[in-house]
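Biologist: I'd like to learn how to read this model, one feature at a time. Please bring it up and pick a place to start.

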Amino acid sequence: MNSFQAGIVISLGCYLAIGWYAGKRVKHLEDFFVAGRNAPTVLILGTLVASFMSTNAFMGEAGMSYQGHAPLVIIMTCFNCLGYIVGAVFFGRYLRRSRALTVPDFFRSRFNSRRIQVFAGVSIVAGLSAYLLAVTWGMALIITEVTGFSEVIAILMVWASYTLFTLYSGSRGVILTDTVMFLLFSSIVVVTAFFIVQAAGGWSSVIGSLATYADKPGIIAWHGRVGPDVYWKTPMEALVWASILGVAWGIVVAVSPWQTSRYLMARSEHVVIRSACGALIAMLLLYLVTNFAAATVNLINPDISPPESTMIWVSMNLLPTVLGAVLICGVLAAGLSSASTFLSLVGFSVSHDILGSAEKSGEANAEANPEESADSGASEDKLSQLQGGRLRNARAAMLCVGVTVIVLALLLPRNIYWLTHFAGPLFASSWGVVAFMSIWSRRITESGAFWGMAVGFAVNVGMNALSLVGLVKWPVMADPILVGVVCSYIAVAIVSRRGTVTATESDYQQGLHLMPSAERDPETVRQTLLWPKVMVVMGALIAASMTLFYALPYQEAVAGVLPTIAENES
Amino acid sequence: MSGELVLAMSYGLVLVGAGLWTWRRVLKDYRDDDD
């Protein structure tokens, strides 16, 4: 067994052990679905970042940066990471206040509507199962490349590892393993970037060489590579593309179930806000380091093919063997953390949102709050039986989902890029408008919310399907995510105008704005205010560092080359 | 001012702006009487 094989087996074993440890503490439905609603900031922060950054971040986007588009990834990150703050402040903390078990469960309570819960549940099953497939294939591809295992073995290994601990430990295990994985891939990426820069001759040499890099001109210019031989013909076209996709993915970050459902597990609203602040800082730093490092690899080997395997090449050829194995484990960890989150959410939606009846939803909430149920006269034994039954159902549903995914993963043709591109943004189009309006609008009706979701979903899927079969190539201004959002809003506005908001819906909406007194504790507020302070300090440091170590040396290097070119031409 | 300088400054200032806004929002929501 070589170092890579050993590293992968050991890391998978560790995740299973952590999952087993966390699973032992699962006693109630709330433990399984929302980790007992008692998670501290570090765990919510860890699971937010780990769920968002999958293998795509270290393969697809790193490959894009290797090809000369790191600045575009950086610009996109500027926009989409703001989704953390917007999502937490305007949706996430109210979602947590609702004490729902799942996000579709929140929509059911808010609009007193079973059909909205089912529709939202079905969109989770469709969107996240597709994403899960893509991540499973991505991880299997890495294992196949670095260990020589067959693809079938690799798929089975990956599937078994995330399915087993998710099945046993539910959200308790998922957020714990996510945080361990977040720490692993964050630290190894920083170490890897250091090795890459050293191998390329040190930072000042790297900036000088990349600024004047003839093979991929403009590789670290503010717009990246542009011109007739790449997708973006002009700098402005590149900027518009990155900005629009950044905003679109910002909506995904703000409302998608694999991000917002994390807030349901938070110990308090302050944990929601603090973890969103932390996630914003972590993502900005991680994307900066990862993508500049990937661009720098050009100076060591300009011929890596396919570009998506840049980090795999680095792990196998540049890093010391042990660190290379850790990097592979880190990239796999990014995929596994997303996969476990997706599997758990799909399982929860099947068992609770789709198969559970309206009465069962209420019953589940009663189970989730045994003290309240005891007040209403239910005996502890009966509650315990109910809890056990619902837990078994949830696990059985998750197992069925897992088995379906493994069958699809083995049978379907691989299309990682399209599935990722389709599944991620689906929720922005379908849920984005309804999520925010469910908190802030007094005029949105149940029908408006339902049709808003349905229209956003249909427009996004329809536009992507037309693009996939090659009938249409959508211009960046008509990105399916944003068109879906706009159509969803129009549908909500038109349908809501024709109906009336019921007293139940209105009362629930107003209830969401009643601040629990515990959240106003001055000491807790003071601690929360530390996080924005850190953001301001970190932001100033990043701006100063990027100016001193990137913008100014870049200008110097380019200015040094221009006279030489002029002399040669004359 | 070059595009690279704007990119460098903007990347950090996004965090500064978000931090200042969050600071004000937390104070407004959790220290005032009304949500």
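**Reading the model**

Modeller: Start with A35(A), in the loop between α2 (29-34) and α3 (41-52) of chain A. Helices here are DSSP runs of H or I (at least four residues) and strands are runs of E (at least two), numbered from the N terminus. Residues are numbered from 1 along each chain as its sequence is written, while chains are lettered from A and ligands numbered from 1 in the order in which they are written.

Biologist: What is the phi of A35(A), and is A35(A) buried or exposed?

Modeller: Phi is about 50°, a positive value although A35(A) is not a glycine. To judge burial, count other C-beta atoms (placed from the backbone) within 10 Å: 20 or more is buried, 12 or fewer exposed, and in between partly exposed. A35(A) has 28, so it is buried. N112(A), another non-glycine residue, also has a positive phi, near 50°.

Biologist: Where is the cis peptide bond?

Modeller: It joins S305(A) and P306(A), with omega about -5°. P306(A) belongs to the loop between α13 and α14 of chain A.

Biologist: How do I read α9(A) against α15(A)?

Modeller: Two packed helices are described by the angle between their axes and the distance between the axes. Axes are lines fitted to C-alpha atoms, for helices over the stretch in contact, and angles run from 0 to 180 degrees between N-to-C directions. In this case α9(A) (151-199) and α15(A) (321-354) pack at about 145°, their axes 7 Å apart. Their contact divides into 20 nonpolar, twelve polar and one charged residue. Nonpolar means Ala, Val, Leu, Ile, Met, Phe, Trp, Tyr, Cys and Pro; charged means Asp, Glu, Lys and Arg; the others, Gly among them, are polar.

Biologist: And between the chains, how many residues does the contact take from chain A and from chain B?

Modeller: Two residues are in contact if their C-beta atoms, placed from the backbone, lie within 7 Å. The contact takes 35 residues from chain A and 25 from chain B. On the chain A side, α5 (60-80), α6 (82-98), α13 (269-296) and α23 (522-569) each give two or more. α23(A) gives the most, with 17 residues. That side divides into 27 nonpolar, six polar and two charged. As for chain B, its secondary structure is one helix and zero strands, and 37% of its 35 residues count as buried.

Biologist: Where is confidence lowest in chain A, and where highest?

Modeller: Where pLDDT is low, the predicted coordinates should not be read in detail. The lowest is α17(A) (370-375), with a mean of 46, and the highest is α13(A), at 97. Residues 358-364 of chain A also stay under 50, and the model has ten contacts beyond four places in sequence for them. Overall, chain A averages 89, with 92% of residues scoring at least 70. Chain B has a mean of 89, and 89% of its residues reach 70 or more. For the complex, the predictor gives an ipTM of 0.93 and a pTM of 0.90.

Key. This is a predicted model: local features need pLDDT of at least 70, side-chain atom pairs count only at pLDDT 80 or more; totals for chains, interfaces and linings use all residues. pLDDT is the predictor's confidence in each residue, from 0 to 100.
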